[in-house]
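Open the structure in your viewer and keep the selection tool ready. The tour goes from one selection to the next.

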Amino acid sequence: MNTKRLSDSMEKALSDQMNKEIHAAHVFLSYGIWADDKGYQGIAKFLYRHAQEERNHSIKFMEYILNRGGKPKLEAIPAPLPDPESLTACFDGIFKHEVDNTTSIYHLVDKSMEEKDWATWNFMQWFVKEQIEEETLAQDLIDKLKIAGGDRATDESLFTLDKTLAQAPDEASMAQDATGDNP
């Protein structure tokens with residue numbers, strides 16, 4: 001008996017996203033290694049945690065495909081981009097990567113609606129919310145670096161930024177959680 005409850009094209013699209021999440025983990029790991037090598041251990045720690053989070057996202061896709069009777073397919077992972085030239089380039093790259101991933105998530109949501117695959121649509125809502133958080137976190141990195149002085153930041157402000165990011169939460173505050181008492 002066939003127990004698969006995903007179309008072949010949805011199974012492939014979800015597998016593609018699983019692989020995209022694995023690639024994202026490599027990108028963040030690569031950026032973390034770059035930061036560590038440059039002496040930014042706090043930023044590196046932040047990026048290493050993020051790399052693990054991206055790997056966890058890939059596992060969510062893998063498990064969902066299996067739970068729906070499909071079989072996820074691993075693909076070759078592209079090499080990360082070359083090392084960034086600066087912290088600005090690093091943080092800009094993180095933001096661009098998150099926006100690109102959001103676009104992919106939205107395509108999966110669109111596809112699930114077109115196919116009337118409500119289980120997948122429901123599954124994807126967690127990722128929609130997650131991408132809002134990821135983009136906000138990436139934007140916060142850019143903003144914090146600008147406040148520190150950007151590429152002309154002093155060693156002292158970069159030291160403070162590095163120390164702050166080592167202890168930064170892995171989640172951004174979300175607009176939907178804001179209230180008058182807690183904007």
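How many cavities of 30 Å³ or more does a search of the whole structure find? The search finds 1. Keep in mind that this is a predicted model.

**Stop 1: the cavity.** Select Phe-28, Phe-46, Leu-47, His-50, Ile-94, Glu-134, Leu-137, Ala-138 and Leu-141, which line the largest cavity. The space inside is about 40 Å³. Now colour helix H2 (41-67) and helix H4 (118-148), the elements that each give two or more residues to this lining. H4 provides the largest share, 4 residues. Sorted by class, the lining has 7 nonpolar residues, 1 polar and 1 charged.

**Stop 2: one residue of the lining.** Keep Leu-47, a lining residue of the largest cavity, and show what surrounds it. Leaving aside residues up to four places away in sequence, Leu-47 touches Phe-28, Tyr-31, Gly-32, Ala-35, Cys-90 and Ile-94.

**Stop 3: the largest nonpolar core.** In soluble globular proteins, nonpolar side chains tend to be buried together. Here, the largest nonpolar core has 26 residues. Select Ile-43, Leu-47, Leu-87, Phe-91, Ile-94 and Leu-165, the residues with the most contacts inside this core. Next, show the helices: H1 (8-37), H2, H3 (87-114), H4 and H5 (155-166) each supply at least two of the core's residues. Which helix gives the largest share of this core? H4 does, with 6 residues.

**Stop 4: another core.** Finally, select Leu-14, Phe-61, Met-124 and Phe-127. These are among the 16 residues of another core, which lies apart from the largest one.

How values were computed. Residues numbered from 1 in each chain as written. Predicted model: local features only at pLDDT ≥ 70, side-chain atom pairs only at ≥ 80, totals over all residues. Heavy atoms only, no water. 1 Å grid on protein atoms, 1.4 Å probe; cavity = no way out; pocket = protein on both sides within 12 Å on 5 of 7 lines; lining within 4 Å. Points joined across faces, edges and corners; volume = space filled by probe spheres on them. Nonpolar A, V, L, I, M, F, W, Y, C, P; charged D, E, K, R; others polar. Core = buried A, V, L, I, M, F, W, Y, C linked by side-chain atoms within 4.5 Å. Buried < 20%, exposed > 50% of the residue type's maximum accessible area, 1.4 Å probe, protein only. Contact = heavy atoms within 4.5 Å.
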